[in-house]
Amino acid sequence: MPQLHLLNKVADHPRFTQCLNQTHAGDSIALTESGVLALPTGIDWPEGVVIYALSADLEARGLGPLELPPFVHVIGYEQLVDLTLSTDKVVCW
Amino acid sequence: MDSPPPQSFALVITGAPYSSQAPQTALNFAEAAIRAGHKVNQVFLYGDGVHLASNFASPPSDESDWPALWRVFIESHQIPATCCVASALRRGLLDETESRRYEKTGANVTAPYAIAGLGEWLESTLNSSRTLYFNPDH
């Protein structure tokens with residue numbers, strides 16, 4: 001059953017690691033708030049997982065397109081709303 | 001991505017204004033949901049999130065007034081909004097009734113917020129398509 005993970009923690013927060021450990025192929029991760037700071041760090045994202053990042057939080061933290069890995073989908077709040085409804089379950093970390 | 005048919009959300013805010021981004025993120029999400037034709041069934045403030053209900057918050061005029069912005073949003077869309085009683089009392093968030101009960105001199109929780117227990121909240125989550133938690137990012 002595909003899940004959406006809403007992840008707002010920085011990469012060294014215990015819940016960030018817990019989220020990655022409980023994410024499976026077919027799931028999605030939507031990075032919000034300080035969660036977007038993990039994007040330029042080159043961490044290993046789980047295979048088969050789609051990564052989204054909230055544009056307002058990227059902008060607030062000075063992260064432009066050049067700082068982002070190419071696989072990231074930048075979304076607005078409207079798309080985030082759609083995402084929460086398009087998966088069977090949403091996990092808020 | 002096709003827009004899904006109208007759905008309903010129950011939103012839980014557990015992060016306080018000014019020490020977390022949770023109230024801001026939740027408000028942006030709720031506004032986007034309503035713009036898309038969905039409904040917000042219930043807002044529930046839990047843990048440090050109860051500080052959002054304080055009528056006494058008085059931020060500087062050049063900063064966002066999250067308690068006031070949320071109050072306007074809740075009232076304009078007539079969304080039931082609940083403060084968890086256990087979280088509220090121990091953080092000094094009191095309505096008139098609780099203020100009298102504990103013999104305090106002020107009440108900082110007024111309409112549109114109600115102080116209530118988890119039962120009412122549970123019922124609203126059962127009637128919503130999704131329940132989302134807006135937690136502090138620290």
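The model is predicted, so local features are given only at pLDDT of at least 70 and side-chain atom pairs only at pLDDT 80 or more, while totals for chains, interfaces and linings use all residues. Residues are numbered from 1 along each chain as its sequence is written, and chains are lettered from A and ligands numbered from 1 in the order in which they are written.

**Chain B as a whole**

Select chain B and colour by secondary structure. Helices (H or I, at least four residues) and strands (E, at least two) are DSSP runs, numbered from the N terminus. Along the principal axes, the C-alpha atoms of chain B fill a box of roughly 55 × 40 × 30 Å.

Of the 138 residues in chain B, 38% are buried. A residue is buried if 20 or more other C-beta atoms lie within 10 Å of its own, exposed if 12 or fewer, and partly exposed in between, with C-beta atoms placed from the backbone.

**Helix α1**

Next, select residues 22–35 of chain B. The 14 residues of α1 should span 20 Å at 1.5 Å a residue, and the end C-alpha atoms are 20 Å apart, which agrees; the expected span is 1.5 Å times one less than the number of residues. Among the buried residues of α1(B) are B:Leu27 and B:Phe29. The buried residues of this helix pack against α3 (77–86) of chain A, as well as β1 (8–13), β2 (39–45), α2 (66–77) and β5 (130–134) of chain B. After α1(B) comes B:Gly37, with a positive phi near 95°.

**Backbone exceptions**

Most residues other than glycine have a negative phi, and most peptide bonds are trans.

Select B:Tyr18, in the loop between β1 and α1 of chain B. Its phi is positive, near 75°, and B:Tyr18 is partly exposed, with 15 other C-beta atoms within 10 Å.

Move to the loop between α4 and β4 of chain B, where B:Glu103 is found. The phi of B:Glu103 is near 55°, again positive; B:Glu103 counts as exposed because it has 6 C-beta neighbours inside 10 Å.

Finally, select B:Pro112, in the loop between α4 (96–101) and β4 (113–116) of chain B. A cis peptide bond joins B:Ala111 to B:Pro112, with omega about 15°.

Key: Two residues are in contact if their C-beta atoms, placed from the backbone, lie within 7 Å.
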